[in-house]
Amino acid sequence: MPVYTLFIVNKAGSLIYHKNLSTKARTINANECLYMASVFHGLFLNASSLSPLKSVNLAVPQGIEAIVTENFRLECLRTLTGVRTDD
């Protein structure tokens, strides 16, 4: 499945960068991007707190790794600095 849009969210849940990588990507305004980033950050934090695996090691999966539906796939990739890239 191709990557249509890239979101980069910092540790505080603030959207620091977003870019449409495909002409097929739905055009969304800045407010929608901020809203989606903050909602995903909240979901990620809740999932992390419910995770039975408690670790600061980034190699151990925590929180949401992917949300998959019939219409889209949202993956969360964590960098070594702890900043997540949501695409």
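Trainee: Of the contacts with a separation of 6 or more, what share comes from residues 24 or more positions apart?
Mentor: In this predicted model, such pairs account for 32% of those contacts in the protein chain.

Trainee: How many helices and strands does the chain have?
Mentor: One helix and five strands. Along the sequence, the pattern reads β-β-α-β-β-β.

Trainee: What percentage of the residues is buried?
Mentor: Buried residues are 25% of the 87 in the protein chain.

Trainee: On to the inside. Which residues form the largest nonpolar core?
Mentor: Six residues: Phe7, Val9, Leu15, Ile28, Cys33 and Ala37.

Trainee: New topic: strands S3 and S4. In which sense do they pair, parallel or antiparallel?
Mentor: Antiparallel, over three bridges. S3 covers residues 66–68 and S4 covers residues 73–78. A hairpin of four residues joins S3 to S4.

Trainee: Which residue is the bridge partner of Ala66?
Mentor: Glu75, in S4. Glu75 also forms a salt bridge with Arg73.

Trainee: How far apart are the closest N and O atoms there?
Mentor: They are 2.7 Å apart.

Trainee: Are those two buried, partly exposed or exposed?
Mentor: Glu75 is partly exposed, because its relative accessible area is 28%, which falls between the 20% and 50% cut-offs. Arg73 is partly exposed too, at 38%.

Trainee: How many salt bridges turn up in the whole structure?
Mentor: Two. Glu32 forms a salt bridge with Arg26, and the closest N and O atoms are 3.8 Å apart.

Trainee: Why call Arg26 exposed?
Mentor: Because its relative accessible area is 56%, and exposed means over 50%. Glu32 is partly exposed, with 31%.

Trainee: What about the surface? Which residues form the nonpolar patch?
Mentor: Tyr35, Met36, Val39 and Leu43. Together they have about 380 Å² of accessible area.

Trainee: Where does Leu43 lie, and is it exposed or partly exposed?
Mentor: Leu43 lies in helix H1. Leu43 is partly exposed, with a relative accessible area of 41%.

Trainee: Last one, Thr23. Where is it found?
Mentor: Thr23 is in the loop between strand S2, residues 15–20, and H1. Thr23 is exposed, with a relative accessible area of 82%.

Trainee: How far is Thr23 from Thr5 in space?
Mentor: The C-alpha to C-alpha distance is 9.8 Å. In sequence, Thr23 and Thr5 are 18 residues apart.

How values were computed. Residues are numbered from 1 along each chain as its sequence is written. This is a predicted model: local features need pLDDT of at least 70, side-chain atom pairs count only at pLDDT 80 or more; totals for chains, interfaces and linings use all residues. Side-chain values use heavy atoms; hydrogens and water are left out. A nonpolar core is a set of buried Ala, Val, Leu, Ile, Met, Phe, Trp, Tyr and Cys residues joined through side-chain atoms within 4.5 Å. Buried means under 20% relative accessible area, exposed over 50%, partly exposed in between (1.4 Å probe, protein chains only). Two strands pair if DSSP finds at least two bridges between them. Helices (H or I, at least four residues) and strands (E, at least two) are DSSP runs, numbered from the N terminus. Patches are made of residues with over 30% relative accessible area and no salt bridge: like charges are joined within 9 Å, nonpolar side chains (Val, Leu, Ile, Met, Phe, Trp, Tyr) within 5 Å. Accessible areas come from the Shrake-Rupley method with a 1.4 Å probe; for residues, only the protein chains shown count as cover. A salt bridge is a side-chain nitrogen of Lys or Arg within 4 Å of a carboxyl oxygen of Asp or Glu. Contact means heavy atoms within 4.5 Å.
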